[in-house]
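Open the model in your viewer and keep the selection panel at hand. This tour goes from stop to stop, with something to select at each.

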Amino acid sequence: MADTAESPAEPQSRHVTYCGVCSLPPEYCEFGGTVKKCQEWLQRNHDDMYERLWSADALAAATSSLSVDARKRAEKDAHKKALKAEAAEAKHAQTISASKVYIKRIERNKRKYVTSVTGLEAFGLENKKVAKEFGKKFATGSSVSKVPSGGEEIVVQGDVSEEIEEFLLEKYDVIPEDNYELVEHKVKKGASAT
Amino acid sequence: MFKKDISPGSKSKVKSSVQRAIRTQITTTYPLLAPYIDEIIPKKEQLDAMKIPDRVTLYLIGPTPLFFQHMTDAILPHLKLVHRFPTCFPSIRIDRGAIRFVLSGATLMAPGITSTGGRLPSGDKDEEGLYGESQKGSVGEGEREGGGWYGGRELEEGEPVAVCAEGKEEACAVGVLSMGTKEVKEKGKGPVVEEGHYLGDGLWKLSTE
Ligand SMILES: [Zn+2]
């Protein structure tokens, strides 16, 4: 009984600041490939921490324990990492500008539509998760299926093309508005619906 | 264990009986965490489980990751939890030179801990009570922070351990010892922590919202 009275009421956990660029504790930014950006972010957001970590004194103290050789190797490694990160970023930007999300309205039967969405994975979205969100948002059937050309599509019951575009625009701003294509897909009589 | 990026799986609610069992498991494995268990997993809040690749389950409350567990192995703290309660986990310390290797997912080798910048439990039984706590007197020369929070008790093979780093305040990895700390000192070579969770790995970057 007495124990419960002693238990801490105030939260006891520490609050740790993480880097807004690379997500690590800022003292570890030096090991990532985005050091420059990390430094800028830290200086803007946590001035005091920036001083503590990146002042000349701090840097000298941090590297003094390493041998000259080890320091050189670490520098080389850091440089390689930075180049790699830059290349990855450039590639990512290129993929984004070149990729399209297709929202297709497909007539299944007379006046019965389904909406197909493809291309989300190029923007780092997960079809399964987004399909679930569509289902919830539009209170309708929504599932992921494989397409013959390889890859996946989300099939949503009903004609919700515009609503889907709106929803995605609002929720996932990694996809620029220009990268959406709304397509109408009419099935000829007699042809099998795909 | 999480070298590759992980795409978030769906969360499921943990039954209250299971939630109780997990609380017990945590406080048994990490006795120093026991006083804070109600803060970490409040009784009224729903504990969620997320299945991630390689038969690992991640436990969370809301978006906050807490522990992860491979099948029925020891339950390990997510690094963010270690950062919140740094003195509640047994720990070792690596030297500065070893940091970049650990952060790229390499196995932690003994020389990175037995060197001057590294730290292992002193092995002094009188320090038993200090297990997991900060040893203020032991901060070496030229260091200002990051003295570590290793304690006196030697840790056994198979025990979970937080990996701190020379000159750093926060832990950089979590894993299971593949060699007891006494043996690490005696041998001075070989793998010490394999397949851990480290800053910037797939688990660290996993979106949990
Ligand atoms: Zn950073």
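Select D5(B) and K205(B): both are exposed (over 50% relative accessible area; buried is under 20%, partly exposed in between, with a 1.4 Å probe and protein chains only). Their side chains meet in a salt bridge, 3.7 Å from N to O. The term stands for a side-chain nitrogen of Lys or Arg within 4 Å of a carboxyl oxygen of Asp or Glu. D5(B) sits in the segment before β1 (11–13) of chain B, and K205(B) in helix α7 (residues 202–205) of chain B, so the pair ties together parts 200 residues apart in sequence. Helices (H or I, at least four residues) and strands (E, at least two) are DSSP runs, numbered from the N terminus.

A word on the ground rules. This is a predicted model, in which local features need pLDDT of at least 70 and side-chain atom pairs count only at pLDDT 80 or more, while totals for chains, interfaces and linings use all residues. Residues are numbered from 1 along each chain as its sequence is written, chains are lettered from A and ligands numbered from 1 in the order in which they are written, and side-chain values use heavy atoms, leaving out hydrogens and water.

**More salt bridges**

Stay in chain B and pick K43(B) with D38(B). Their closest N and O atoms are 3.9 Å apart, in a salt bridge. K43(B) is exposed, at 63% relative accessibility. D38(B) is partly exposed, at 42%.

Now go to chain A and select E133(A) and K171(A). Here the salt bridge spans 3.2 Å, N to O. It links distant parts of the chain: E133(A) belongs to helix α6 (residues 127–138) of chain A, K171(A) to helix α7 (residues 161–171) of chain A, 38 residues apart. E133(A) is buried, at 15% relative accessibility, whereas K171(A) is partly exposed, at 45%. Over all chains, the count is 16 salt bridges.

**The interface**

Show the residues of chain B and chain A in contact (heavy atoms within 4.5 Å). How many does each chain give? Chain B gives 29 residues and chain A gives 27. Together they bury about 2500 Å², 51% of it on carbon and sulfur atoms. Buried area is the accessible area (1.4 Å probe) that two parts lose on being put together, summed over both. Highlight R96(B), R100(B) and K168(B): they supply 28% of the area that chain B buries against chain A, more than any other three residues.

Next, select E169(B) and R14(A). Their side chains form a salt bridge at 3.9 Å, N to O.

Color chain B by element. On the side that touches chain A, α3 (79–84) and α4 (96–102) of chain B each give two or more residues. The largest share, four residues, comes from α4(B).

Finish at C164(B) and C172(B). Are these cysteines buried or exposed? C164(B) is buried at 2% relative accessible area, and C172(B) is buried at 0%. Their sulfurs are 7.6 Å apart, too far for a bond. A disulfide needs a pair of cysteine sulfur atoms within 2.5 Å. Over all chains, the count is zero disulfides.
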